[in-house]
Amino acid sequence: MARPRLDLPPASGAWREGGDAGRRQWVTLPGSLQLEAGGTLPGVRIAYETWGTLAPDGSNAVLVLHALTGDSHVSGPAGPGHPTAGWWDPVVGPGRVLDPARWFVVAPNVVGGCQGSTGPSSSHPDGAPWGSRFPLVTVRDSVAAETALADALGIDRWACVVGGSMGGMRALEWAATEPDRVQRLFLLATTAAASADQIGWASPQIAAIRADQGWCGGDYHAAPPGQGPHNGLGIARRMAHLSYRSAFELSERFGREAQDGEDPFAGGRYAVESYLDHHAEKLVRRFDAASYVRLTEMMNAHDVGRGRGGVAAGLARVTATTLVAGVTSDRLYPPEQQHELAAGIPGADAARMIDSPYGHDGFLIEAETVGALLGELLTR
């Protein structure tokens, strides 16, 4: 039995410019974004969504920052402008911990992404796609861009900044770069600096995308829909998804079972392979490979202590009331990294551990526990 080949174009070209706005709004940064690695990025546009109403004194604003393949659509159904349903529906919405009746929730799509903010698939000032010319944007650069967004919205200080994984990197950098603008900080399944292990996990993912013949040196965006490094991106997603889940969960769910109707001894798949194929196909239909590469490089470059005298000095800059949480079975961002954060941030409680079999993805799946922790922080 022949194995299926992942050769699927994005279903609606969701990551290409244009299309429906959905709930998204945009702000264009004044001037150019000065980049930590050197140079500038002109004409930066940030896509964002909001829920609720900003209080007259601006005291109820909460910034929610997404992970690698997330976007601004934190809550709500899939639809025009939104290829997936909200990625944190149990946390943001009526009657939930971030209830729009109480909080003004802001969720931006990160610079370098592909759901409305300026990224590799966006137009360069010369009218062609940025493609391979899109520069490295660091976590610190993303905070500079989001600071301009906060200014445009009239938000002088966030009541809370929340983020998990890459979003947690951005949240931490917010609190270290703009300590006077962050009252509370909620860090989930993240780290003070990317480790060699995390960079190592990322390296073959980037290599798989760049080795795809559809990569074209990163300049494939002007090609007709359906052409691009879709197989490479699918392989990258398979590798990443393995790191997002725990060995225990995969064993309990799939064991050594064959996929229904397939025989691994005759070229068919095991059930766990079918599961990885499914997640690869879903991502290819909604995400841009060049954004995946650049955002992965953003995560690799993360180091709150860079230029500040080291990690300890970087963490010491944080003045926000802080709660750090991790997932017991997380093999990508292991609990010791959250313990380091909690120990290094002045006044932070000991790190809380969410007991979950789901690995790194537990910060998204265990929404009830996460909501309770966030609610506790918001009452302080």
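Analyst: A residue is called buried under 20% relative accessible area, exposed over 50%, and partly exposed in between, with a 1.4 Å probe and protein chains only. This is a predicted model, in which local features need pLDDT of at least 70 and side-chain atom pairs count only at pLDDT 80 or more, while totals for chains, interfaces and linings use all residues. Residues are numbered from 1 along each chain as its sequence is written, and side-chain values use heavy atoms, with hydrogens and water left out.

By these terms E376 is partly exposed, at a relative accessible area of 29%, and R380 is partly exposed as well, at 36%; their side chains form a salt bridge with an N to O distance of 3.0 Å, the term meaning a side-chain nitrogen of Lys or Arg within 4 Å of a carboxyl oxygen of Asp or Glu. Elsewhere, salt bridges with shared partners link E36, R140, E173, R306 and R308 into one network, and the whole structure holds 21 salt bridges.

Another pair is E249 and R253, whose side chains come together at 3.1 Å, N to O. These two residues are separated by about one helical turn, because they lie 4 residues apart in helix α5, residues 247–254 (helices, H or I, of at least four residues, and strands, E, of at least two, are DSSP runs numbered from the N terminus). E249 is buried, with 4% relative accessible area, whereas R253 is partly exposed at 44%.

In the salt bridge between E281 and R285, the closest N and O atoms are 3.6 Å apart; E281 is partly exposed at 32%, and R285 is partly exposed at 31%.
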